[in-house]
Number of protein chains: 2
Amino acid sequence: MSASREHRNKRVVVLGGGLIGAVIAADLAEDPTLEVTLADLRADEMAPMPQLTLRAADLSTPQAIKELAETADVVVGALPSRFGRLALEAVIAAKRPYADISFMEQDPRELDAMAKAAGVTCIYDCGVAPGMSNVLSAHAAKQLDRCERLTIYVGGLPRERRWPFEYKAGFAPYDVFEEYTRPARVMIDGEVVIKEALSEPELCDFDGLGHLEAFNTDGLRSLLDTLEMPQRLEKTLRYPGHIELMRVLRHAGFFDEQPVSVGDGQQVVPRELTAALLSPKWTFEPGEADLTVMRVLVDGEKDGVARRIRFELRDDYDPRTGRTSMSRTTGYPAAIVARMLASGRLHRPGVHPPEALATDDDLVAELIAAQAERGVVYRRFDEAPEG
Amino acid sequence: MSASREHRNKRVVVLGGGLIGAVIAADLAEDPTLEVTLADLRADEMAPMPQLTLRAADLSTPQAIKELAETADVVVGALPSRFGRLALEAVIAAKRPYADISFMEQDPRELDAMAKAAGVTCIYDCGVAPGMSNVLSAHAAKQLDRCERLTIYVGGLPRERRWPFEYKAGFAPYDVFEEYTRPARVMIDGEVVIKEALSEPELCDFDGLGHLEAFNTDGLRSLLDTLEMPQRLEKTLRYPGHIELMRVLRHAGFFDEQPVSVGDGQQVVPRELTAALLSPKWTFEPGEADLTVMRVLVDGEKDGVARRIRFELRDDYDPRTGRTSMSRTTGYPAAIVARMLASGRLHRPGVHPPEALATDDDLVAELIAAQAERGVVYRRFDEAPEG
């Protein structure tokens with residue numbers, strides 16, 4: 001982003017035109033100072049969008065991603081998890097800044113030195129949770145003298161509850177089952193403790209929704225090592241009853257990844273059949289309303305007084321744009337961070353989790369305000385703990 | 001059974017040495033006037049039993065069964081359902097009387113004319129339900145001037161309830177799923193009405209067990225056409241909660257018999273995988289206690305007064321003999337009917353459901369008394385309806 005380029009429009013490439021990538025690209029394309037390209041294997045099948053270039057591209061090889069990245073000033077990643085790491089490395093190799101929401105198994109910070117050497121800023125986990133949950137946690141922590149406890153509750157849900165699962169997934173059921181089986185890492189008294197997934201259910205009250213049930217999932221990720229609070233916990237929210245059914249399915253073996261002999265010796269991976277059966281039942285119908293709910297609690301002390309900073313999010317499907325709540329709450333943070341990268345307001349070479357933004361109060365304020373403009377409103381409450 | 005043979009022992013062949021067949025054979029072998037052979041494909045692997053001849057035999061062909069039957073005076077059938085019909089026909093071809101508990105899809109009475117022509121008596125469904133439920137229903141009906149309603153509640157359960165299914169099966173889970181999916185035929189106002197399986201759950205109280213949950217299953221069979229009562233219903237009993245889980249599994253498709261494409265196009269029959277996963281969880285451990293509970297209600301009128309005749313059964317695993325309640329309650333009626341056939345006390349050529357015995361009060365009394373001697377006690381109550 002040299003000074004000589006300041007007056008031309010910035011070029012942004014969005015990798016992956018799925019539900020969320022398409023919303024990110026459409027949001028960026030509304031900005032007249034940006035030239036936005038959405039790259040996807042099946043771009044030819046996508047409906048044209050104003051001010052947006054669709055490019056059909058195979059995003060499964062590092063070389064293809066590197067070449068695409070080199071045509072842009074900023075890259076946004078919204079790829080399936082199996083391409084997440086590969087894309088991050090290719091974008092760094094292209095020496096381009098990157099706002100990413102593609103999940104990856106490995107710690108993206110393994111590529112921190114490579115990004116620093118390339119002089120590029122990469123923000124990963126740039127969605128709602130992980131994403132906004134990280135930013136808000138770190139932002140709140142900064143405002144207290146001492147922090148004791150972080151508790152994050154988050155869930156994406158259908159607005160209408162239907163028997164028996166009262167759940168639909170904004171992504172593949174196979175990945176949901178992963179969330180329901182992978183042991184959850186939480187921080188207790190400063191030590192990482194492993195909890196069983198789906199464990200420690202607790203009822204939480206949310207205005208307009210009534211009781212939701214929160215349970216342990218492995219969601220803290222970078223928040224396990226970037227914060228200084230002895231107690232840290234993230235729980236996933238579902239309508240009450242859902243997790244009991246998931247515990248039954250898991251107990252019975254329907255989430256197992258080891259093949260089982262059935263009938264005449266056929267080898268079947270139970271989780272694959274379960275995904276095939278539940279996929280049609282857990283997929284949102286076109287126009288079906290979803291919602292996102294998140295509560296971030298940071299408990300600590302300020303000027304010798306116990307304090308709690310609480311953030312609340314309740315976001316709904318937008319019938320006007322047809323954008324799901326999940327795509328809005330996950331996509332907008334990535335789109336806004338991409339703008340920060342494009343403008344140069346965010347320039348900090350390396351690979352960073354989103355809480356890195358919290359060192360700059362202006363960036364946090366902008367992230368919150370820009371989402372509020374889009375109808376995704378984070379409300380803040382300052383109160384006494386357990387208030 | 002010619003007169004010249006009267007003083008020699010009667011020979012009984014039991015077809016099938018499974019859980020129930022073995023108990024039938026052992027029970028018959030205790031009678032010094034009988035010479036008992038237990039025929040099974042894997043007889044070589046079975047432990048020897050006193051006064052019992054074990055014979056290894058392939059029971060999957062009519063010829064093999066006919067030859068075996070011809071060595072006997074009376075035959076008892078305790079075969080897997082796929083061999084039920086074939087065995088009945090072969091035993092009739094051998095011109096031998098038959099007490100059978102092998103389930104078969106078709107109506108066994110299709111072979112009634114053949115049995116009449118051969119001059120042999122065949123009693124099918126000779127267990128607890130169908131079996132004793134039929135006998136007691138018809139026996140009670142006979143004692144009233146007019147019958148309005150028959151209600152049968154019956155279930156086999158583990159004594160210890162364990163999360164999440166609170167159920168174990170005395171037979172293959174695949175057959176249980178059949179019971180949970182096959183539409184249930186009931187009689188309402190004199191018309192056969194089809195109900196969804198697992199439908200119309202109702203809580204019933206049983207002394208010593210508390211609440212059980214009863215739901216529609218297709219269990220009436222011959223009772224749909226042999227009785228004259230406008231209302232007829234059989235419901236299966238489980239611990240509360242079980243059927244909700246089964247409804248969920250069925251709704252999600254886990255009981256489907258149509259193959260589903262999973263992963264890379266592999267075709268999988270969901271019910272087969274579900275049976276493979278649940279089989280180990282639903283199988284009784286050696287020595288694990290089961291129980292059987294049955295309630296038969298016959299409502300009607302006698303001498304112008306509304307009357308209810310109620311039979312109650314509660315039977316438990318016998319730790320002394322190691323016989324499960326299911327094998328006792330199902331096997332003893334067959335063994336006792338086999339004795340009636342052997343002695344000639346029951347001689348009525350044709351193929352009959354067990355309620356045919358109810359025309360003879362002495363046979364019913366003997367059936368009840370002989371089971372009571374074995375610890376399987378049917379208690380009778382005469383009371384006002386809804387009493």
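Author: Two strands pair if DSSP finds at least two bridges between them. Strands (E, at least two residues) and helices (H or I, at least four) are DSSP runs numbered from the N terminus. The model is predicted: local features need pLDDT of at least 70 and side-chain atom pairs pLDDT 80 or more, while totals for chains, interfaces and linings use all residues. Residues count from 1 along each chain as written, chains are lettered from A and ligands numbered from 1 in written order, and side-chain values use heavy atoms, without hydrogens or water.

Reader: Then a simple case, please. How many bridges join β8 to β9 in chain B, and do they run parallel or antiparallel?

Author: Strand β8 (residues 184–188) and strand β9 (residues 191–195) of chain B run antiparallel and are joined by five bridges. One of the paired residues is B:I188, whose bridge partner in β9(B) is B:E191.

Reader: What do β8(B) and β9(B) form together?

Author: They form a hairpin, with two residues between the strands. In its turn, B:D189 has a positive phi of about 50°.

Reader: What about chain A: which order do the seven strands of its open sheet follow?

Author: The order in chain A is β3-β2-β1-β4-β5-β6-β17, and the pairing is parallel. The edges are β3 (52–56) and β17 (350–352) of chain A, each of which pairs on one side only. From one strand to the next the twist averages 15°.

Reader: Which residue of β6(A) is the bridge partner of A:Y98?

Author: The partner of A:Y98 is A:C122. Strand β5 (residues 98–100) and strand β6 (residues 121–123) of chain A pair in the parallel sense over two bridges.

Reader: Which strands does α3 touch where it packs on that sheet?

Author: Helix α3 (residues 84–93) of chain A touches β1 (10–15), β4 (74–77), β5, β6 and β17 of chain A. Its direction makes about 170° with that of β5(A). Such angles run from 0 to 180 degrees between N-to-C directions, and axes are lines fitted to C-alpha atoms, for helices over the stretch in contact.

Reader: And where do the side chains of a strand point, in general?

Author: In a regular strand they alternate between the two faces of the sheet.

Reader: On to helix pairs. At what angle do α5 and α11 of chain A pack?

Author: Helix α5 (residues 132–142) and helix α11 (residues 361–373) of chain A pack at about 135°, with their axes 11 Å apart. The two helices are therefore oblique to each other, a class left over once under 35 degrees is roughly parallel, over 145 roughly antiparallel and 65 to 115 roughly perpendicular.

Reader: Which residues meet there?

Author: From α5(A) come A:M132, A:V135, A:L136, A:H139 and A:K142, and they meet A:D361, A:V364, A:L367, A:I368 and A:Q371 of α11(A). Contact means heavy atoms within 4.5 Å.

Reader: In chain B, how do the axes of α10 and α11 cross?

Author: Helix α10 (residues 325–343) and helix α11 (residues 361–373) of chain B cross at roughly 130°, their axes coming within 10 Å. They too are therefore oblique to each other. On the α10(B) side the contact is made by B:T329, B:Y332, B:P333, B:I336, B:V337 and B:M340. On the α11(B) side it is made by B:L363, B:E366, B:L367, B:A370 and B:Q371.

Reader: Within what distance do the axes of α1(B) and α10(B) come?

Author: The axes of helix α1 (residues 19–29) of chain B and α10(B) come within 8 Å and cross at roughly 45°. These helices are therefore oblique to each other. In α1(B), the residues are B:L19, B:I20, B:V23, B:I24, B:D27 and B:L28. Among those they meet in α10(B) are B:M326, B:T330, B:Y332, B:A335 and B:R339.

Reader: Finally, some backbone details. Is the peptide bond from A:A129 to A:P130 cis or trans?

Author: That bond is cis, with omega near 5°, and A:P130 lies in the loop between β6 and α5 of chain A. The bond from A:W163 to A:P164 is cis, with omega near -5°. A:P164 is in the loop between β7 (146–158) and α6 (173–181) of chain A.

Reader: Where is A:L198 placed?

Author: A:L198 is in the loop between β9 (191–195) and β10 (202–206) of chain A. Although A:L198 is not a glycine, it has a positive phi of about 70°.
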